[in-house]
There are 2 protein chains.
Amino acid sequence: MLLSNSCEYGLRALMYLSAEEQEGYVSLRTISKRLDISFAFLGKIFQILNAVGLSTSQRGPSGGVALARDPATITLYEVVVALDGEDLFRECVLGLPGCGERQPCPMHREWAQQRDQLELLFRRATLAETARETREQNYRLTTLTNEDAPE
Amino acid sequence: MLLSNSCEYGLRALMYLSAEEQEGYVSLRTISKRLDISFAFLGKIFQILNAVGLSTSQRGPSGGVALARDPATITLYEVVVALDGEDLFRECVLGLPGCGERQPCPMHREWAQQRDQLELLFRRATLAETARETREQNYRLTTLTNEDAPE
DNA sequence: CGCATTTCGGATAATGAGGTCTTATTTTCA
DNA sequence: TGAAAATAAGACCTCATTATCCGAAATGCG
């Protein structure tokens, strides 16, 4: 698996927040229901996202979570690193510590190139751009296969 | 992590076997020592590799494991699929089941392209080619950082 | 104030990957 | 035939991730 469950959940949740373009806070309960992610686990994930300053939260009625910064400035790379660390974009594909130009493993050159492209993919993508495309193209963030008609 | 520990170990072990170009069988003990991989765990991994027909084994003195086929016909892709399955090359980066052209997630198009490149990287590389480069360029398969002088 | 709503945070459980240990089985060779 | 060498295979342990549960703390509102 490329990304951990936590990271997949976190990305989807922030994309959802961004695509909603709703003023104020969105409750974890709402996100949990809409994206079919465990409520309690989502709480844990947002504790991390809050801690690194990607989101903020508000307790009490009409509380919830919200993006802490302009979504145009938040890259998916930031989110991945916050939740999974940067190993994916740094480590040897064979797990050899210290693998690099000086002491390369057999896959180093090709993997390093692939790794950089992967990093670029996540660095280029912002929450704002992702949200725009999601709204325009009706991309889905949920696990449901039927069209989710607004009630 | 892109590949599981098992998969990293399996790839390194098969690359080692191929690069050794030794007639007959190589004992797990030898591979374990040379690559600094747990002996018992390596045994488990070769049970899988034997089962799928990538390697064969022989018990008793002068026994061990060996490649079951011409290394020029064994791709790294085969090894990865045997040990980690093909999810990495098939699944949605956000973990959404059924994500595809029909019901894409926001990252689908870019990820699908990246995923295909990744698959190609592993499909193009054969054990024979990897072994040749490893011998010629003195690539390393071990975790040690000092040059391993032949005794 | 008092109550409902909501996140916070610690404790706890479940799961699977990673790793170890032990015994059985096969093979070679003296 | 017996001992040694080697893989096979099942049982078991460990740990991080994933997930759940519950009480505490904060917030808004009548």
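I take contact to mean heavy atoms within 4.5 Å. I note at the outset that the model is predicted.

**Entry 1: A:Gln114**

I looked up A:Gln114 and found its place in helix 5 of chain A, which covers residues 108-124. Leaving aside neighbours within four places in sequence, I listed its contacts as B:Gln114, B:Gln117, B:Leu118 and B:Leu121.

**Entry 2: The nonpolar core**

I turned to the largest nonpolar core, which has 86 residues. Which residues have the most contacts inside it? I recorded A:Ile31, A:Phe46 and A:Phe122, together with B:Ile31, B:Phe46 and B:Phe122. In soluble globular proteins, nonpolar side chains tend to be buried together.

In chain A, B:Phe122 touches Val93 and Met107 (A:Val93 and A:Met107). In chain B, the residues it touches include B:Leu2, B:Leu3, B:Tyr77 and B:Phe89.

**Entry 3: The surface near DNA strand D**

I found that 24 residues surround DNA strand D, and that the closest are A:Ser38, A:Pro61, B:Leu28, B:Lys44 and B:Ser57. Of the atoms of DNA strand D that come within 4 Å of the protein, sugar and phosphate account for 68%. By type, I noted seven nonpolar, 13 polar and four charged residues on this surface.

I next looked up individual atom pairs. A polar side-chain atom of A:Ser38 lies 2.6 Å from a phosphate oxygen of DNA strand D.

Helix 3 of chain B gives the largest share, four residues.

**Entry 4: The hairpin of chain B**

I returned to strand 1 of chain B, which runs antiparallel to strand 2 of chain B and is joined to it by four bridges. The two strands form a hairpin with five residues between them. In the turn, B:Gly60 has a positive phi of about 85 degrees. I also saw that B:Gln58 stands opposite B:Gly64 in strand 2.

Finally, I checked both faces of strand 2 (residues 64-67) of chain B and found them covered. B:Gly64 and B:Ala66 are buried on one side, and B:Val65 and B:Leu67 are buried on the other.

Notes: Residues are numbered from 1 along each chain as its sequence is written. Chains are lettered from A and ligands numbered from 1 in the order in which they are written. This is a predicted model: local features need pLDDT of at least 70, side-chain atom pairs count only at pLDDT 80 or more; totals for chains, interfaces and linings use all residues. Side-chain values use heavy atoms; hydrogens and water are left out. A nonpolar core is a set of buried Ala, Val, Leu, Ile, Met, Phe, Trp, Tyr and Cys residues joined through side-chain atoms within 4.5 Å. Buried means under 20% relative accessible area, exposed over 50%, partly exposed in between (1.4 Å probe, protein chains only). A residue is near a molecule or strand if one of its heavy atoms lies within 4 Å of it. A polar contact is a pair of N or O atoms within 3.5 Å; within protein, one must be able to donate a hydrogen and the other to accept it, and residues adjacent in sequence count only if both atoms are side-chain atoms. Ala, Val, Leu, Ile, Met, Phe, Trp, Tyr, Cys and Pro count as nonpolar, Asp, Glu, Lys and Arg as charged, and the others, Gly among them, as polar. Two strands pair if DSSP finds at least two bridges between them.
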